[in-house]
Amino acid sequence: MKPFFIAIFSIYMSLALIGQNSQGGSPYSLGKESIVTTSASFKLHPINNDVLMQEDAILASQGEKSLRFGLDVLVNITPETHGEWTTLENGVRLWRIKIKSSGAKSLNFIFDRFQLPIGSKLFIYSPSGDVIRGAYTHENENKLNNFATLPIPGDELIFEYSEPVLATGFLNLRISYVIHGYRDFNQSLKDFGDSGNCNNNVVCPEGNAWNEEKRASVMLLTSNNSRFCSGAAINNTSNDGTPYVLGANHCDMGATDIFMFNYFSPTCSPSADGSTSDIVIGCIPRASNANSDFALVELSGEIPVEYEAFLSGWSRQNTSPSSSTGIHHPRGDVMKITFNTDATEIGQYNGADCWHVLDWEDGTTEGGSSGSPLYNENKQIIGQLFGGTANCNNNVDDYYGRFITSWDANSASSRLRDWLDPSGLDLTEINGIESSAPTLALDIRLLGIISPVADYCNTSSITPEIRVRNGGIQTITSFTIEYSFGAGSIIQQNWSGTLLSNETINITLPVLAANFGNGQVFTASLTNPNNSVDGDLTNNNKNISVNIGSGQEYRLEIVSDNFPEETAWSLLNTTTGTTFSSIEYGELTEGTTLENWCLPAGCYRFVIQDDYGDGICCGIFNGNGSFAVYDSENQVIGEGGNFDFVDSVVFCTDSSIGFEQLLAESFISIYPNPAKSLINLNFVTEPGLYQVELFDLSGRLMDSKQNNSKILQLDLQGFNQGTYLIKVTTATKTISKRIILAQ
């Protein structure tokens, strides 16, 4: 079901099978056009973005919830047949070519041959040099000798390959596909938090029982790297850690797919963006079949141990489970978990044999959830998502291809049993295991610190909680936990019990007193497994820096426009004249940013600035950026996005603080602006009796009223679109603000 391109990648990603990054540096010829020039170019035939969008709209109207972001174009570009070679005075040889697809919002590339000799470098960069990917070297090779990049902004990019004299004749490179991005990868498809509000973050309490299965979930760039789906790493009866991933046949999984593990929010609510660093590139397609819409691939190498991935178990059951659960990435969001508390039915969807989830009791699925696993009540995979109509507004009718149907067919390339039961044990079900098989006799691992978290407000104590795994072969019956917080002394806690090989547990430690202050470090370490020496001491320690403030909890939510580097903001404590928090130009990341504040009593001014003078919303090129400030009761006290160089919101955390402590122009927030019909006036403190007057730009009085409430809503339904002035007069102040009425 529902491949949907996602919200995730702000990383410079050209990772090989173990996720290694590019090597950095700068192309040799960048800025040296007087020395090295090229007129060689490869241009794709014109592509009509509007036609592609119309095609997607037609499919959507027919119930198709997948969404491409690009069109994959077959090419055959090699250094032998395209581009220009130049030999420099020092003997270094350069190959360069420009690749252009007019009107593309981004370009990404698939290499079906990728072997670079030692000492050589490959860069991909924009003609202006403001975007550079690389250097890619022989360290980016994998055993499949293929490679892929994520979308790079722009419709024209330069490839530059350099090699030393001794490397001549060893290059094996071919670009097989160019993906013309016709949707805005860098903005509209890049924001996390885009899924429906009925979804559950997998890290919330309702997902606590599924901590292992969430580590099996993956998000993947597929269909010649032109769209996204979900999937899950899956175990086999040999329990040998072979890195298989189960997904959907209609997602068109292939050899250059990009797999992301552990993309989930670090917090329950409000949601925050997750890590995008756990990447594997490349896979070997093993089996697929439209009869149950399944696809099975084997990753091009072992899943790195540091990913701490899990391989889910499965069941070939033919009877309906009493309940079922889905873990997935709806609309490319951070990982979510969805619950069906009653039995499923057996049904057909587009000719495939499926489990039919009649309705979800908690959560839903959306575009981007395609290929995600359906688990039974025993936490075993019984199918993968094919299609359906479920969403937050109409939470019914999803269909999952049935695992039992996927199990057998007429050939190894169309069934699961050859790969998931290589020894022919004919098991009907198995449980999951950790992806990395133990090699040491004793290896106790501190996987993470669950509590404390980074920021607190008004807390006087914390309850530490850690997650521990037995990464060794022997059963562990005892170990020692040492932990400390801030300036406190080291505390020892002895644990005893039974922790089997590869088993994971959460351990809650005694409550610690907490003092106000920033940068207080909580540290934990594990020693003495079974009163012996740990075989690997590198995975026994973790720490986290903790800030504890005093005051009220306020929150900023900001969605960037297409040019986040032009935006800066600050929160000024106008009572003390100090800056509480700020982001400088160039520091704002693309997508949605959440900032939590623990504010002492006082008055504050939030100021957002745009150094280009066109705000963060709205327009074809600018994008639909916005900001909103929430108070301690989660109510919006100011929002906007359509401004020139600067906009602000002023508020007080203590209603007893008088207006005189604020600047004269800052005692009221007026939002939204622009507005469609309703305008909100929100006073910082109780204003007393005041008068509100609305004028058009000719100075004509359009409306007038008196009020004494702290919050006033004006209904401007029926007024013409355009710019107006609101004049607010109290006993001590007068302020005028411009507002815009739009459709």
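**Entry 1: a cysteine pair**

Are Cys457 and Cys598 buried or exposed? I looked them up in this predicted model and found that both Cys457 and Cys598 are buried. They form a disulfide, with sulfur atoms 1.9 Å apart. I reminded myself that a disulfide is a covalent bond between the sulfur atoms of two cysteines. I read 75 degrees about the S-S bond, and the link of Cys457 and Cys598 is right-handed. Cys457 belongs to strand 32 (residues 455-457) and Cys598 to strand 44 (residues 592-599), so this pair ties together parts that are 141 residues apart in sequence.

**Entry 2: further disulfides**

I noted that the count of disulfides comes to five. Cys198 and Cys392 form one of them, and their sulfur atoms are 2.1 Å apart. This link is left-handed, with -85 degrees about the S-S bond. Cys198 sits in the loop between strand 11 (172-181) and strand 12 (200-201), while Cys392 sits in the loop between strand 27 (380-388) and strand 28 (396-402), so the pair ties together parts that are 194 residues apart in sequence.

I turned next to Cys603 and Cys652, which form a disulfide with sulfur atoms 1.9 Å apart. The torsion about their S-S bond is about 95 degrees, so this disulfide is right-handed. The pair links distant parts of the chain, with Cys603 in strand 45 (residues 603-610) and Cys652 in strand 48 (residues 646-652), 49 residues apart. Cys603 counts as buried because its relative accessibility is 0%. Cys652 is buried as well, with a relative accessible area of 9%.

**Entry 3: the nonpolar cores**

Which residues have the most contacts inside the largest nonpolar core? I found that they are Ile234, Phe259, Phe261, Phe403 and Leu420, in a core of 43 residues. Strand 19 (residues 294-299) gives the most to this core, with five residues. Apart from it lies another core, of 29 residues, including Ile97 and Phe114. I then followed Phe403: beyond its neighbours within four places in sequence, its contacts include Ile234, Leu246, Trp314 and Leu420.

In what order do the seven strands of the open sheet run? I recorded 17-16-13-14-15-19-18, with antiparallel pairing. Strand 17 (279-281) and strand 18 (283-289) are the edge strands, and each pairs on one side only. The twist averages 30 degrees from one strand to the next. Strand 16 (residues 258-261) is joined to strand 17 by three bridges, and Phe259 stands opposite Val280 in strand 17.

I also examined a hairpin. Strand 51 (residues 690-696) pairs with strand 52 (residues 701-707) in the antiparallel sense over six bridges. Glu693 stands opposite Ser704 in strand 52. Four residues lie between the two strands, and Gly699 in the turn has a positive phi of about 95 degrees.

**Entry 4: the whole chain**

Finally, I looked up totals. The protein chain has four helices and 55 strands. Of its 743 residues, 54% are buried. Among contacts with a separation of 6 or more, 72% are between residues 24 or more positions apart. The accessible surface comes to about 30400 Å², and 48% of it belongs to carbon and sulfur atoms.

Notes: Residues are numbered from 1 along each chain as its sequence is written. This is a predicted model: local features need pLDDT of at least 70, side-chain atom pairs count only at pLDDT 80 or more; totals for chains, interfaces and linings use all residues. Side-chain values use heavy atoms; hydrogens and water are left out. A nonpolar core is a set of buried Ala, Val, Leu, Ile, Met, Phe, Trp, Tyr and Cys residues joined through side-chain atoms within 4.5 Å. Buried means under 20% relative accessible area, exposed over 50%, partly exposed in between (1.4 Å probe, protein chains only). Contact means heavy atoms within 4.5 Å. Two strands pair if DSSP finds at least two bridges between them. Axes are lines fitted to C-alpha atoms, for helices over the stretch in contact, and angles run from 0 to 180 degrees between N-to-C directions. Accessible areas come from the Shrake-Rupley method with a 1.4 Å probe; for residues, only the protein chains shown count as cover. A disulfide is a pair of cysteine sulfur atoms within 2.5 Å.
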